[in-house]
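Work through the exercises below with the sequence and the model open. Each task is followed by a stepwise solution.

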Amino acid sequence: MKALLRGAQVITMTPGRPDWERVDVLVEGTRIADVGRDLDGGDAEVLDLSGRVVMPGLVNAHLHTWQTGLRTVGVDWTLSRYLTLAHGTLAGYYRPEDMRIASLAGALSQLNSGVTTVGDWCHNTPTPEHSDAAIEGFLRSGIRTVFLHGRRYSLPEPHPVTEIDRLLARSHELLTVGMAIPGPQLSPADVAVADFRAAAERGIVVSMHQSGGDPQPAWDVVREARLFGPLTNIVHGAGLTDSWTRTLVDAGVSFTTTAENELGQGHGAPITARLLPIGAAPSLGTDTDAVVPGDLLVSARVALAQQRGLDHDHHRQAHGVFSHEPTVTAMQALRWATVEGARALGLADDVGRLEPGMRADLIAVDARALNLWPAHDPVAAALHAGVGDIESVMVAGRWRKRDHTLVDVEVERVKEELADSAGHIVAALGATRS
Ligand SMILES: [Zn+2]
């Protein structure tokens with residue numbers, strides 16, 4: 001694979017470079033070989049991408065992809081209904097085959113919407129076969145996956161590290177393994193410490209949900225043991241105090257907001273408002289397709305709008321009028337969806353920026369589309385893009401979507417298999433919508 005992308009407006013996400021610029025991108029093998037003006041690609045295939053915006057592939061840092069077949073059933077679910085129905089009822093009906101097809105269909109859907117890396121928070125793995133089947137689905141799709149192995153809620157015993165080690169042996173270019181744990185908020189201190197320690201010993205990402213109320217005392221025990229750092233990822237973070245947020249940020253911990261879902265389900269206010277004032281930033285996720293559509297750019301726009309709304313309110317309270325200056329920019333929201341997602345998943349040196357040596361994970365947005373034209377500002381065009389505007393998607397130097405069409409997959413067959421699988425699961429609700 002050798003390709004020279006010419007003519008596009010390119011958002012590299014590289015610190016010190018302009019937000020966007022007219023440069024060429026040269027891809028060789030699985031990596032970006034060069035970014036610059038008038039590159040000589042030698043025998044590379046040359047693509048004219050005039051009118052498109054090329055940027056790093058999006059990173060969906062938090063998705064329970066196994067729930068893809070539950071789409072639309074939870075559109076009005078609060079958090080308690082979600083926990084009771086998705087986890088308390090439906091999760092138990094999943095066979096390994098259901099995990100495979102949900103992961104495949106979910107991953108294809110993510111690719112279609114411009115996501116090249118997914119942080120799959122997989123907490124429906126009662127047997128190793130369930131995990132293997134989910135991974136098989138991801139690998140078939142061609143998306144880059146950080147498979148965060150979790151368990152059903154919430155066993156009061158440490159994570160099964162033999163299973164983590166078994167999965168780690170499967171790691172390769174498109175598959176990284178990490179741990180999805182209950183964490184100090186949802187497990188006893190000794191369990192939380194054991195789980196953090198297991199992840200630290202293996203140098204892998206450890207991720208946990210944190211929402212609903214004040215931080216539990218187990219957090220103090222984990223802090224005293226100095227067990228959190230850059231490979232620690234906290235999802236939501238609602239309820240954390242300013243002091244705890246600063247402690248975690250200072251240690252390099254990453255945060256993921258799933259703003260569209262958090263606001264609707266009752267998780268609490270997105271962590272964005274606590275992070276930005278101390279110079280940190282969130283990564284983004286879409287959480288569950290059962291409740292909200294898995295569109296990361298929508299998540300980015302919701303997170304941005306929600307934060308701007310808060311800032312204007314604060315300004316109004318202090319000065320009697322909304323803020324005359326923008327407090328958060330579109331470019332920041334795009335960074336949350338790329339650079340910050342890569343950092344949250346332990347891939348900061350691999351994806352999220354278009355630079356020589358980075359993995360060739362990128363997307364082309366068709367800024368000539370009726371809903372984006374005339375796109376005076378490429379950054380805004382990228383942020384405002386709908387799924388239909390994602391023209392092409394490349395992962396590790398391979399096109400996964402070209403000219404608005406997914407490559408190397410029979411989408412209709414995948415849809416049929418997903419419907420068959422989901423039918424027997426959703427039927428357990430006793431009231432499928434037909
Ligand atoms: Zn979640």
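**Exercise 1. Which residue of strand 5 is the bridge partner of Val-27?**

Step 1. Val-27 has Ile-32 as its bridge partner in strand 5. Strands here are DSSP runs (E, at least two residues), and helices are runs of H or I, at least four residues, both numbered from the N terminus.

Step 2. The model is predicted: local features need pLDDT of at least 70, side-chain atom pairs count only at pLDDT 80 or more, and totals for chains, interfaces and linings use all residues. Residues are numbered from 1 along each chain as its sequence is written, and side-chain values use heavy atoms, with hydrogens and water left out.

Step 3. Strand 4 (residues 24–28) pairs with strand 5 in the antiparallel sense over 5 bridges; pairing requires at least two DSSP bridges between two strands.

**Exercise 2. Which residues touch the most other members of the largest nonpolar core?**

Step 1. A nonpolar core is a set of buried Ala, Val, Leu, Ile, Met, Phe, Trp, Tyr and Cys residues joined through side-chain atoms within 4.5 Å; buried means under 20% relative accessible area (1.4 Å probe, protein chains only).

Step 2. The core has 73 residues, and those touching the most other members are Ile-11, Met-55, Leu-58, Leu-70, Trp-77, Phe-147 and Leu-334. Helix 2 (residues 96–112) supplies the largest share, 8 residues.

Methods
Buried < 20%, exposed > 50% of the residue type's maximum accessible area, 1.4 Å probe, protein only.
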